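Dear colleague,

I am passing on the structure we spoke about, and my notes on it follow below. Please keep it open while you read, as the notes are meant to be followed on the model.

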Amino acid sequence: MTTGYPIDLHTHSLRSDGALTEVELVRRAAARAVKIQALSDHDTLVGVAAAVAEGERLGVRVIPATELNTESEWGDVHILSYFVDPHDEALEERLRWLRENRGRRIELMVEKLNALGYAVSLDRVRDIAQGGSLGRPHLAQALFEAGHVPTYDSAFATLISKDSPAYVSRVGLAPLEAVALVREHGGVPALAHPGTTVGLEQILPELTKAGLAGIECYYPSHSPTWTAYCLRLAKQWGLTPTGGSDFHGRGEHGADLGAVFVPPETIAALEAKRGSAYHSTRVEGEL
Ligand SMILES: [Zn+2]
Ligand SMILES: [Zn+2]
């Protein structure tokens, strides 16, 4: 059954990279007749309690959520996490650590290299990356340029590969770890904007095994063909189709609040997958 009120399960406030406060965001949702809204800021729950309170005042049900960014070779894999507890201090602590250490890995490797006598400047590594996020290839290039290694490849082999002296392990969550983290904290994980995931059909079975419950089939940039494809994948893997605007309040991506159709039965389907419906399995590997 479908009725006519807007639902939006993907929105951002300035607690992450949105433009509005969480209270302004809920007011805007109410003004646009949205009845159910998830506040899903990246890697934080800090705005949720105030958003829920404002929603109660205005007749908007605000579902506590967060969107976890992950690090992997699978493109941009973002995990939406519904029904997490906004007062879950342990989860927020973990998220805070991830936020603070993101991007710190290469800085730490530069510090290690300098301590080992291989003079490399972080500024030069940043120049090589040309404003992109820093990675080991940029560091290898800087080591090669500085004459510390005979070839680019040997920088990896002798200094910055796993088990080498200047190696620092990844600090972000891998996609499977993100799904497991959400489950451990009683939330319901869904894959956001699956169009940014590389190798979607390869990773989806693994994510599902780890506890993934939904996939964002309804999304501003999805063509009808892509939505239909996502709905087929949802059916194949027993995932609930979710959707939202990914509203950020600045217009460079996402649609306006409530502008993307989301079927009303979505909420009950996600709720049914909370807690006891899920049996945890240990997650290993680098996915
Ligand atoms: Zn995202
Ligand atoms: Zn988002």
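**A parallel strand pair**

Strand 6 (residues 214–218) and strand 7 (residues 240–243) run parallel and are joined by four bridges, and within this pairing Gly214 has Thr240 of strand 7 as its bridge partner. Together with helix 10 (residues 224–237), these two strands make a β-α-β unit that is right-handed. Please bear in mind throughout that this is a predicted model, and that the values quoted here are computed from it.

**The zinc site**

What coordinates the zinc ion written as ligand 1? Its donors come from Glu67 (OE), His78 (ND1) and His193 (NE2), at 2.1 to 2.2 Å, and along the chain they follow the spacing E-x10-H-x114-H. Glu67 belongs to strand 3 (residues 61–69) and His78 to strand 4 (residues 78–82), so this pair ties together parts that are 11 residues apart in sequence. Glu67 also bridges the zinc ion (ligand 1) and the zinc ion (ligand 2), and the two ions lie 3.5 Å apart.

Are these coordinating residues buried or exposed? Residues count as buried under 20% relative accessible area, and Glu67, at 1%, is buried by that cut-off. His78 is buried as well, with a relative accessible area of 12%, and His193 is likewise buried, its value being 7%.

Which residues of helix 6 (residues 136–145) are buried? They are His138, Leu139, Ala140, Ala142 and Leu143, and what covers them includes helix 4 (104–115), helix 5 (122–129) and helix 7 (152–160). Just after helix 6 comes Gly147, whose phi is positive, at about 80°.

**The protein as a whole**

The secondary structure comes to 11 helices and seven strands. The radius of gyration is 21 Å, close to the 19 Å that the globule rule gives for 287 residues, so the protein is as compact as a globular protein of that length. Taken along the principal axes, the C-alpha atoms fill a box of roughly 65 × 40 × 35 Å.

Of the 287 residues, 48% are buried. Among the contacts with a separation of 6 or more, 71% are between residues 24 or more positions apart. The protein exposes about 13200 Å², of which carbon and sulfur atoms supply 52%.

Note on methods
Residues numbered from 1 in each chain as written. Chains lettered and ligands numbered in written order. Predicted model: local features only at pLDDT ≥ 70, side-chain atom pairs only at ≥ 80, totals over all residues. Heavy atoms only, no water. Donors = N, O, S within 2.8 Å, 3.2 Å for Na, K, Ca; no water. Buried < 20%, exposed > 50% of the residue type's maximum accessible area, 1.4 Å probe, protein only. Contact = heavy atoms within 4.5 Å. Pairing = 2+ DSSP bridges. Right-handed = clockwise from strand over helix to strand, strands pointing away. Rg over C-alpha atoms; globule rule 2.2 N^0.38 Å. Areas by Shrake-Rupley, 256 points an atom, 1.4 Å probe, with all protein chains shown as cover.
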